[in-house]
Amino acid sequence: MKILSISGTLVGSKTSLLTKKLSEDLQHKIQNAEMEFLDLRDVQLEFCAGKPIDQYNEDTQKVIGKIAEADAYIIGTTILHGSMPGVLKNLFELVPVEHFADKCVLFAATGGNSLHYLAIESSVKPVANYLKMFVLPEYIFATSSDFNEKNELTDQVQQEMNGILEKYAMYISKLMK
């Protein structure tokens, strides 16, 4: 089983930290899973232009290939102006629907204030539903106050993550049978 974790923002470090931590913690719950972490800050994605995949640059083709090969996802996003950042929306536009279809996804988000969690419901989940992903009904949301001075997640967020990851591991295991 391949699980791809994607940090879907170019802004800040907290989304990447949160997504990577979720990936590491899930690895302990699903021992036989092959985990991969992808930070969109580390690749040069082209803008979606509706052309065949083989006409995009090498990074774009590799990212699309990783998504196609994955069995499940953890997708982290920063919430900017009440929605996901353009780089993540662009990624969703680049990848053919059949690569995401029928695969389970757990969303994690960071935002500037506690009300930004609403963007997961209003803008992120509808895109995932369009892409025919199985969307875990729960998600992780964190603000700056959920990180300590060493940029580590607080115990409260860790406990919340643990409970959600238990459920996610169960869902993935059932879907993969």
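Is phenylalanine 100 buried or exposed? Phenylalanine 100 is buried, with a relative accessible area of 0%. The model is a predicted one. Three aromatic pairs are counted in it.

**Tyrosine 73 and phenylalanine 100**
- The ring centres of tyrosine 73 and phenylalanine 100 are 5.3 Å apart.
- Their planes stand at 65 degrees, so this pair is edge-to-face; the cut-off for that class is over 60.
- Tyrosine 73 is buried, at a relative accessible area of 0%.
- Tyr73 and Phe100 form one aromatic cluster with Phe92.

**Tyrosine 117 and phenylalanine 141**
- The centres of these two rings, tyrosine 117 and phenylalanine 141, lie 6.5 Å apart.
- The angle between their planes is 65 degrees, so the pair is edge-to-face.
- Tyrosine 117 sits in the loop between strand E4 (104-110) and helix H5 (118-130).
- Phenylalanine 141 is in strand E6 (residues 140-142).
- Tyrosine 117 is partly exposed, at 34% relative accessibility.
- Phenylalanine 141 is buried, with a relative accessible area of 13%.

**Charges over rings**
- Lysine 14 places its charged end over the ring of phenylalanine 147, 5.1 Å from the ring's centre.
- Lysine 51 lies over the face of tyrosine 56, and the distance to the ring centre is 4.9 Å.

Definitions and conventions
Residues are numbered from 1 along each chain as its sequence is written. This is a predicted model: local features need pLDDT of at least 70, side-chain atom pairs count only at pLDDT 80 or more; totals for chains, interfaces and linings use all residues. Side-chain values use heavy atoms; hydrogens and water are left out. Rings of Phe, Tyr and Trp (its six-membered ring) pair if their centres lie within 6.5 Å; planes under 30 degrees apart count as stacked, over 60 as edge-to-face and the rest as tilted. Buried means under 20% relative accessible area, exposed over 50%, partly exposed in between (1.4 Å probe, protein chains only). Helices (H or I, at least four residues) and strands (E, at least two) are DSSP runs, numbered from the N terminus. A charge sits over a ring if NZ of Lys or CZ of Arg is within 6 Å of the ring centre and within 35 degrees of the ring normal.
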